[in-house]
Amino acid sequence: ITAKRMISGLVLKYLNGNVLSYGEAIKPPARLKLVLSDGTSVSFSQNTCRVTLGRWLDPYTDKIFYESRLLDIDHLVPLKYSWDRGAHSWTSKKRRQFSNDPINLFAVEKSVNRQKSASGPAEWLPPNIKFRCQYIIRFQRVVKLYGLNQSAAELQLINQAQRQYYK
């Protein structure tokens with residue numbers, strides 16, 4: 001089974017109309033905790049079901065956002081990336097844990113999240129140059145924590161990028 005087929009067969013969960021995660025793996029409280037903890041002065045919709053306003057700093061762009069509709073909740077290590085490097089053999093419980101782990105989630109600008117797609121640091125780095133080294137370190141920490149498998153060639157590219165931005 002491919003990642004695309006697995007993901008397309010699930011009921012996907014959304015925030016502001018954007019797919020967040022494997023349907024089986026996302027818990028609204030995890031998203032809400034992230035949106036609330038990463039933001040300040042958070043306001044809810046009239047029915048209190050949706051965060052609408054607040055103040056969020058996107059580490060990928062170093063921009064401040066005040067409207068939640070401009071943001072996505074990004075998986076630092078993308079779901080497809082993890083699937084291709086070992087998550088396909090995980091239990092549902094481990095996939096849920098990965099999908100909801102706060103160390104793997106960021107509130108980021110939608111368009112930048114779309115640019116990143118399912119890429120790792122060998123193919124994509126945040127536009128905020130000051131965050132690139134931290135991004136690589138955090139990415140690799142999640143990869144190691146979850147025992148994902150990266151090829152020697154990929155690791156070489158990631159290490160080169162890290163040396164370039166390490167100051």
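## Where H6 meets H7

In H6, Arg-132, Cys-133, Ile-136, Ile-137 and Gln-140 touch Leu-155, Ile-158, Ala-161, Gln-162 and Tyr-165 of H7. Contact here means heavy atoms within 4.5 Å, and helices (H or I, at least four residues) and strands (E, at least two) are DSSP runs numbered from the N terminus. Sorted by class, this contact has seven nonpolar, two polar and one charged residues. The classes work like this: Ala, Val, Leu, Ile, Met, Phe, Trp, Tyr, Cys and Pro are nonpolar, Asp, Glu, Lys and Arg are charged, and the others, Gly among them, are polar.

The two helices, H6 and H7, pack at about 145°, and their axes sit 8 Å apart. Axes are lines fitted to C-alpha atoms, for helices over the stretch in contact, with angles from 0 to 180 degrees between N-to-C directions.

## What you're looking at

This is a predicted model, where local features need pLDDT of at least 70 and side-chain atom pairs count only at pLDDT 80 or more, while totals for chains, interfaces and linings use all residues. Residues are numbered from 1 along each chain as its sequence is written, and side-chain values use heavy atoms, with hydrogens and water left out.

The chain has seven helices and seven strands, and from the N terminus on they run α-β-β-α-β-β-β-β-α-α-β-α-α-α. Of its 167 residues, 47% count as buried, where buried is under 20% relative accessible area, exposed over 50% and partly exposed in between (1.4 Å probe, protein chains only). If you take contacts between residues at least 6 apart in sequence, 60% of them join residues at least 24 apart.

## The nonpolar cores

A nonpolar core is a set of buried Ala, Val, Leu, Ile, Met, Phe, Trp, Tyr and Cys residues joined through side-chain atoms within 4.5 Å. The largest one here has 25 residues, and Tyr-60, Leu-76, Val-77, Phe-98, Tyr-135 and Phe-139 have the most contacts inside it. Helix H3 (79–84), strand E7 (105–109), helix H6 (132–145) and helix H7 (152–165) each put in at least two residues. H6 gives the most to this core, with six residues. Apart from this core lies another, of six residues, including Trp-56, Leu-71, Leu-105 and Ala-107.

What does Val-77 contact, leaving aside its neighbours within four places in sequence? The list is Ser-82, Phe-98, Asn-104, Lys-116, Phe-139, Val-142, Val-143 and Leu-148.

## Pro-78 and Ser-117

Pro-78 lies in the loop between strand E6 (71–75) and H3, and counts as buried because its relative accessibility is 5%. Skipping neighbours within four places in sequence, Pro-78 is in contact with Lys-116, Ser-117, Ala-118, Ser-119 and Phe-139. Pro-78 and Leu-105 are 27 residues apart in sequence and 9.6 Å apart in space, C-alpha to C-alpha.

Ser-117 itself is in the loop between helix H5 (110–116) and H6. Its phi is positive, near 55°. Most residues other than glycine have a negative phi.

## Asp-62 in its loop

Asp-62 also has a positive phi, about 65°, although it is not a glycine. This residue sits in the loop between strand E4 (51–58) and strand E5 (63–67). Is Asp-62 buried or partly exposed? Asp-62 counts as partly exposed because its relative accessibility is 38%.

Leaving aside neighbours within four places in sequence, Asp-62 is in contact with Leu-57, Asn-128 and Lys-130. Asp-62 and Asn-128 are 66 residues apart in sequence, yet 6.1 Å apart in space, C-alpha to C-alpha.
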